[in-house]
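Okay, thanks everyone, let's get going.

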Amino acid sequence: MDSITQNIASVNDAVNGIVWGVPALVLLIGTGVLMTVLTKFFQFRRFGHMWKNTIGGLFSNKSITQSKDKHSISQFQSLCTALSATIGTGNIAGVAYAITMGGPGAVFWMWIAAIVGMMTNYSENVLGIFFRRRNEKGEWSGGAMYYLKDGVGKMKYGKAAGTVLAALFSFFAVIASFGIGNMGQVVSITESINTLIPVEPTTVNLFTALVIIVLASLVILGGLKRIATTNERIVPFMAVFFVIGSLIIIILNIAKVPAAFGAIFAGAFNFKSAAGGVGGAIIAQAMTWGFKRGVFSNEAGLGSSVMVHSASNVKEPVVQGLWGIFEVFADTIIVCTCTALVILTSGVVDMETGASLSGATKLGLATEAFTKTFGTFGGVFLSVAVCLFAFTTILGWSYYGTKAWEYLFGTKSTLAYKIAFIAMVAVGAIIDVSLAIDLSDTFNGLMAIPNLIGVVCLSGLVVRITKNYSDRKITKKQPDLEPMYSAFPEIQAEQEARED
């Protein structure tokens with residue numbers, strides 16, 4: 001049995017090295033660059049418009065926080081649910097790992113991944129809204145599987161490819177939801193609690209699993225509305241909670257902030273000369289780890305969050321795309337940067353190389369950074385943050401898995417998936433699931449391949465929808481131009497008849 005497990009692990013490691021390796025990262029980043037160029041740097045040119053029509057309109061635009069359609073959620077709820085799955089342990093442990101493995105320069109490349117990733121996420125959400133449809137219950141169903149089947153599938157010679165890619169994406173998403181979206185988060189919660197409570201771990205883990213199962217059941221079995229309402233209440237609080245705590249540490253170490261930024265830029269471009277080509281290797285390492293952790297953190301290109309964005313009450317595909325831009329901005333530019341500056345300014349790593357001074361890595365290093373400033377309270381603070389981040393990630397991914405399962409097996413079968421998903425919480429808390437998590441990490445990365453094929457193939461459509469919206473709403477060159485709301489005439493008519 002051990003040999004079989006070892007063989008599975010070896011094969012998975014090889015596949016994972018490809019899925020999350022340089023070629024895949026080039027595809028992920030390259031798609032973001034492509035969409036940035038094709039839309040003429042939309043995320044820069046229309047940043048003010050994005051801010052005004054997303055978080056900036058939170059208190060002035062009721063459609064952002066309320067949905068008249070009982071089968072959809074508000075735009076803000078869709079954002080919070082998407083952020084619940086992206087703002088997680090990757091923003092804490094992932095950033096710490098990137099710095100120790102790639103040096104401070106990895107943070108810069110994480111920013112670059114986010115900047116171009118904004119347009120990948122934007123494109124996914126535009127396509128998600130444009131190709132979404134109603135299921136048997138009248139709820140919106142959207143995501144990469146739908147724009148692959150109905151978008152790529154309608155292209156010349158694309159029918160078979162679109163159908164196969166849609167099925168593969170959904171299969172990969174279901175498998176990933178059980179590991180990265182469930183058991184992996186449970187492990188983070190139990191490890192975090194075990195560092196605080198001096199009791200035999202098995203006992204603590206069993207109790208923790210029971211609590212998570214009860215809470216998750218109450219939310220997940222209530223459907224999207226309950227998931228969205230719960231995340232709307234928790235996610236903004238937990239994000240602000242973490243950012244404020246991080247800013248306090250950064251302010252207390254304000255004298256080291258210039259040096260931290262200096263180390264980030266020096267590490268990114270290797271300003272200090274290094275002999276024998278070592279400098280190029282250092283830059284490559286920083287780029288690889290920065291891109292890898294950046295993409296893993298904000299999930300731009302994986303096609304995951306588009307499933308919940310597609311459930312929004314919005315009718316303009318571009319408006320939901322704007323929320324996608326903000327999602328990546330909040331996740332990486334704000335939260336990940338806070339974590340990075342805390343680690344670099346608190347004195348727990350070598351500022352030049354990023355090496356951990358104590359040998360601690362990942363969550364342990366982040367905990368060390370917080371406890372160095374706040375003492376015991378710092379450890380409690382970070383544990384609470386990790387528990388909130390991980391729990392809401394479980395909720396977010398439960399919805400992703402549900403929609404992928406629905407695509408494969410139909411709406412009526414989704415209860416079976418939800419029960420299996422909740423049961424996996426106990427598995428993650430009780431037994432060693434490291435192999436299962438590693439496997440799901442591979443499937444998580446595999447989701448990107450069919451999704452990015454869809455985004456690239458439909459890039460021209462994204463540009464047309466963007467131009468249509470811009471001409472009507474931003475520049476107002478053609479205010480009476482017929483809007484592009486949906487690929488389906490009946491939904492187009494439904495949206496045109498709506499009164500916002």
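**Rings, a helix and a patch**

So, Phe370 and Phe381 are both buried. Keep in mind that this is a predicted model. How are the rings of Phe370 and Phe381 arranged? Their centres sit 5.4 Å apart with the planes at 25°, so we call this pair stacked. Phe370 belongs to helix α17, residues 362-374, and Phe381 to helix α18, residues 376-409, so the pair ties together parts that are 11 residues apart in sequence. These two also belong to one aromatic cluster, together with Phe237, Phe241, Phe242, Phe374, Phe377 and Phe389.

Okay, over to helix α16, residues 317-345. With 29 residues, α16 reaches 41 Å from its first C-alpha to its last, close to the 42 Å expected at 1.5 Å a residue. Where does α16 bend? At Phe329, by about 30°. And 27 of the 29 residues in α16 are buried, so the rest of the structure largely encloses this helix. Just after α16 you'll find Gly347, with a positive phi of about 85°.

Last stop, the surface. Phe207, Leu210, Val211, Val214, Leu215 and Leu218 make a nonpolar patch of about 560 Å². Val211 lies in helix α11, residues 201-220. Its relative accessibility is 34%, so Val211 counts as partly exposed.

That's my tour, thanks.

Definitions and conventions:
Residues are numbered from 1 along each chain as its sequence is written. This is a predicted model: local features need pLDDT of at least 70, side-chain atom pairs count only at pLDDT 80 or more; totals for chains, interfaces and linings use all residues. Side-chain values use heavy atoms; hydrogens and water are left out. Helices (H or I, at least four residues) and strands (E, at least two) are DSSP runs, numbered from the N terminus. The expected span of a helix is 1.5 Å times one less than its number of residues. The bend at a residue is the angle between axes fitted to the seven residues ending there and the seven starting there. Buried means under 20% relative accessible area, exposed over 50%, partly exposed in between (1.4 Å probe, protein chains only). Patches are made of residues with over 30% relative accessible area and no salt bridge: like charges are joined within 9 Å, nonpolar side chains (Val, Leu, Ile, Met, Phe, Trp, Tyr) within 5 Å. Accessible areas come from the Shrake-Rupley method with a 1.4 Å probe; for residues, only the protein chains shown count as cover. A salt bridge is a side-chain nitrogen of Lys or Arg within 4 Å of a carboxyl oxygen of Asp or Glu. Rings of Phe, Tyr and Trp (its six-membered ring) pair if their centres lie within 6.5 Å; planes under 30 degrees apart count as stacked, over 60 as edge-to-face and the rest as tilted.
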